[in-house]
Amino acid sequence: MRVAVIGGGPGGLYAAALLKRLDPAREVTVWERNAPDDTFGFGVVLSDETLGGIEHADSVVYAALKDEFVRWDDIDIVHRGVCHTSGGHGFAALGRRRLLQILHERCRSLGVDLRFRTEAPHPDRLSESYDLVIAADGVHSGTREAYAEVFRPSVEEHRCRYIWLAADFAFDAFRFEIAETEHGVMQLHGYPFSRPSPDHHPSTRPSGPQSQGASTVIVEMREEVWRAAGFPELDTPETIERCAKIFADALHGLPLRSNRSTWTTFRTVVNERWSHGNLVLIGDAAHTAHFSIGSGTKLAVEDALALVACLEEHTSLREALAAYEQERRPVVASTQRAARASLEWFENLGLYLGQPGRQFAFNLLTRSRRVTHDNLRLRDAHFTETVERDFGCPPGTPPMFTPFRLRGLTLRNRVVVSPMDMYSAVDGVPGDFHLVHLGARALGGAGLVMTEMVCVSAEGRITPGCAGLYTGRQGEAWRRITDFVHRQAPGTAIGVQLGHSGRKGSTKLMWEGMDEPLEEGNWPLVAASPIRYKAGSQTPRELSRAQLTDIREQFVAAAWRAARSSFDLLELHCAHGYLLSGFLSPLTNHRTDVYGGTLAKRLRFPLEVFDAVRSVWPEERPMTVRISATDWAEGGTTAEEAVEIARAFAAHGADAIDVSTGQVVDEERPAFGRSYQTPFADRIRQEIGIPVIAVGAISSWDDVNSLILAGRADLCALARPHLYDPHWTLHAAAEQEYTGPGVTWPAPYRAGSRRPQTGRTDAPKPRLTLGG
């Protein structure tokens, strides 16, 4: 096999070395347009997992790396002059130049042809002359662009400027330092990548710079801050001097240095395909992940390992490249989701500076959602306990089991059973199914159990199976359920969500065809504008002013019945493309009257309904609003508009905003992932100060603890986990060995409050070995 490698970065070099080591008969050539010692940046961080893969694949490279690594455990976060330290994290780093030298030496010893200061031939020529072409030519990959119609890349530039610099001393921890300047917030990311001198043996962790060594220093800030501070007008020496002055405390007054350093913006690269014929992308050419989670070199090296392994395991190149992509794509997608969460956290850093110092530090540490409350407790129990104590957690109480007050209602914990349409009512009347469904989840320990969307009229139903509150009989049926909850699950509140289906009504039950129109028995639909939801859907009529008044009064009547039915909380459903949501989104509201056009006009009818409902809803009982914070579609509601929508409802007396996303238009493209909607809730909470309910792929009690303790949400609503396990909250308490007022096992269930024993998992103890 003849192999061509375009790009002499760590990923390309390591792939070349592995291919040659596993089969010396292979002809492997690497083209690198720069000189051997040319490199951008300074230090490289690798995880223990990546190092383990290197050790298994090439012990020579591993041994050389092992001798060079600087290792440390601590993260220092400096917030308003106070340093908060968390330990137990485990990092390993070395200089990027030294990493390249090790890989150069290994490639040469194996017989790889390294061609420096040489542009690679065009990929077309290489593909004709070589059996395999590996494109490792980085974020600005010419190979990727040459075949853009095949790889279909997406390149997104982000909102911060950053520059790679270095300091000639070794930080003794991974350091994050925040500078609040007259121009805005700036941040420093720093970590050591070379050791101090061998004769430097501090007996304790030093408080100042070590005698030698070096550290990577990344200075980052929003584009508008960068411009306001005058950085575009400064040359490189002036930039370096300015950065050193801003972060003089972190640098102990020492200077910074550059290595062809320039300000840049981070680019997230995603490709729909990674291979084309005998050509394959690896590393930054295929994907990028923000430096704040230290993943670029790690991903490139892991790509090389996986690619070579797949080539060894499969007889045909086509199968090998398909297997490589199948193996790596989920890993990369997960890393990119975490990296995006981290990137966006730093982009919005200014929102969190008002948090208490230790909570701010916890928030930073858990920003990517890869480090969680439970994980951090294992790494550094003392640090986590101090954050919990500052938050107000009684000793031994996880954050999720702390109480929360909304108006006159105190919830005993932070868990909400999210509204879930059951499509099991008859003529809008909830029956035995609803009693068992909601009753079981109330017995399961959640602080608040929400009904499904309860419709305010027969015409406002989504399906014939949707529940309502537009007749006295329905109100009586709901009272039966609330009485059960209050009597049998004392301490659990039950809330009602009121809504109208709008243009998404008159459809089949979910399991018969979600959002598909009824084959018979249809009823006419109404909406803000006459725009159907999807192809084949019924086109709604645009509501007249008189009809708007009628619908507002239907909401009022339903709210009055909800109060008589003893619900503890009322939520107005202004999300997911239903009637009120349809007024809010510019994609579904094309009106030219006072209810359409600007955001203020689009808000007008939902706010009128809110005010009318609030006027009949008991003063001491809280009222929340669910919104879709983004439509996940071009031209739809933006995150900035979501903040203004929440601000408007808060000004009208909403006690909390339940922040969901999407389901407004059929052509949406959601960015699914673990707790993927939480950043929208987080932003609303930080910018407005109103309590928020986070919802969307929050699946573990560890997620709930993390979000609550970081101050990103006040309550967490979970849907599918409660379908899987009606007693999810009770089991969360048992798994955390928590007993206290935040959750109470019903007396008939107390015997099950400990985990059942399982089969034996420990192996027999070994026999004694007797010496001869």
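A salt bridge here is a side-chain nitrogen of Lys or Arg within 4 Å of a carboxyl oxygen of Asp or Glu. The structure holds 42 salt bridges. This is a predicted model, in which local features need pLDDT of at least 70, side-chain atom pairs count only at pLDDT 80 or more, and totals for chains, interfaces and linings use all residues. Residues are numbered from 1 along each chain as its sequence is written, and side-chain values use heavy atoms, with hydrogens and water left out.

**Exercise 1.** Describe how helix α2 packs against helix α10.

*Solution.* 
- Step 1: locate the helices. α2 covers residues 48–57 and α10 covers residues 296–313. Helices are DSSP runs (H or I, at least four residues), numbered from the N terminus.
- Step 2: read the geometry. The angle is about 35°, and the axes lie 10 Å apart. Axes are lines fitted to C-alpha atoms over the stretch in contact; angles run from 0 to 180 degrees between N-to-C directions.
- Step 3: list the contacts (heavy atoms within 4.5 Å). From α2 come E49, T50, G53, I54 and A57; from α10, K298, V301, E302 and L305.
- Step 4: sort these residues. Four are nonpolar, two polar and three charged. Gly counts as polar and Ala as nonpolar in this scheme.

**Exercise 2.** Find the salt-bridge partner of E302.

*Solution.* 
- Step 1: E302 pairs with K298, with the closest N and O atoms 3.0 Å apart.

Methods:
Helix = DSSP H or I, 4+ residues; strand = E, 2+ residues; numbered from the N terminus.
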